[in-house]
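I am opening my notebook on a new structure and want to look up its strands, its hairpins and one of its pockets.

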Amino acid sequence: AQVRPWCATAACDAQSFRTSRRPLAPLHDDWTGHTMPVAALCLRGNRCWSVALDRTARCRELYGGAPVFAAALGGAPTCLALDALDAYLIVGCEGGEVLRVDLDAWALREA
């Protein structure tokens with residue numbers, strides 16, 4: 001599965017349609033990593049979070065594409081959100097469970 005980021009500002013700019021530049025071109029190459037369809041996306045600041053049916057969560061920098069997070073999940077996700085302080089990734093799953101991934105603990109484990 002792929003995530004393809006687009007710049008909505010450029011896509012909605014009438015002036016960009018008059019230039020030779022492609023206004024609907026992706027910000028950069030497709031992001032890969034998930035092996036099954038992406039179930040949900042969440043944009044927060046300069047980051048794009050995604051969960052997929054392969055039971056993984058991933059995060060990339062929006063404007064550079066650099067991966068910053070990847071984790072296996074305990075269920076098949078259907079939606080995701082971040083708490084107000086970006087400390088937890090909250091993932092709703094097909095079976096009704098709600099998973100809470102502690103991002104601060106994950107960062108300490110990866111350091």
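**Entry 1: ground rules**

I note that this is a predicted model, in which local features need pLDDT of at least 70 and side-chain atom pairs count only at pLDDT 80 or more, while totals for chains, interfaces and linings use all residues. I also note that residues are numbered from 1 along each chain as its sequence is written, and that side-chain values use heavy atoms, with hydrogens and water left out.

**Entry 2: the four-stranded sheet**

I looked up the strands, where helices (H or I, at least four residues) and strands (E, at least two) are DSSP runs numbered from the N terminus. Two strands pair if DSSP finds at least two bridges between them. In which order do the four strands of the open sheet stand? I found the order β1-β2-β3-β4, with antiparallel pairing. The edge strands are β1 (38–44) and β4, each of which pairs on one side only. I read an average twist of 15° from one strand to the next, where axes are lines fitted to C-alpha atoms, for helices over the stretch in contact, and angles run from 0 to 180 degrees between N-to-C directions.

I then followed the bridges across this sheet. β1 and β2 are joined by six bridges in the antiparallel sense, and L41 has S50 in β2 as its bridge partner. β2 and β3 are likewise antiparallel, over six bridges, and here S50 is partnered by R58 in β3. β3 and β4 run antiparallel with five bridges, and R58 has A70 as its bridge partner in β4.

I also checked the hairpins. The hairpin of β2 and β3 has three residues between the strands, and R55 takes a positive phi near 65° there. The hairpin of β3 and β4 has five residues between the strands, and in it G65 takes a positive phi near 80°.

Is strand β3 largely enclosed or largely open? I found that five of the six residues of β3 (residues 56–61) are buried, so the strand is largely enclosed by the rest of the structure. Buried means under 20% relative accessible area, exposed over 50%, and partly exposed in between (1.4 Å probe, protein chains only).

T56 lies in β3 and counts as buried because its relative accessibility is 16%. S50 belongs to strand β2 and counts as buried because its relative accessibility is 6%. I looked for polar contacts, meaning pairs of N or O atoms within 3.5 Å; within protein, one must be able to donate a hydrogen and the other to accept it, and residues adjacent in sequence count only if both atoms are side-chain atoms. The side chain of S50 makes such a contact with the side chain of H34 at 2.7 Å, and a polar contact of 2.7 Å also joins the side chains of T56 and H34.

**Entry 3: the three-stranded sheet**

I found three strands in an open, antiparallel sheet in the order β5-β6-β7. β5 (77–82) and β7 (98–102) stand at the edges with a single partner strand each, so one side of each is left without a neighbour in the sheet. Neighbouring strands of this sheet are turned by 20° against each other on average, direction ignored.

β5 and β6 pair over five antiparallel bridges, and A81 stands opposite I90 in β6. Strand β6 (residues 88–93) pairs with β7 in the antiparallel sense, over five bridges, and I90 stands opposite R100 in β7. In the hairpin of β5 and β6, with five residues between the strands, D86 takes a positive phi near 55°. In the hairpin of β6 and β7, with four residues between the strands, G96 takes a positive phi near 95°.

**Entry 4: the second largest pocket**Last, I looked up a pocket, which on a 1 Å grid over the protein atoms alone is an open set of points where a 1.4 Å probe fits, with protein on both sides within 12 Å along at least five of seven lines; lining residues have an atom within 4 Å of a point. The second largest pocket holds about 180 Å³ of space. Of its twelve lining residues, the closest to the centre are R47, W49, V68, D86 and L103. β2 (47–52), β4 (67–72) and α2 (103–110) are the elements that give two or more residues to this lining, and α2 gives the most, with four.

Terms used:
Grid points are joined across faces, edges and corners, and a volume is the space filled by probe spheres set on the points.
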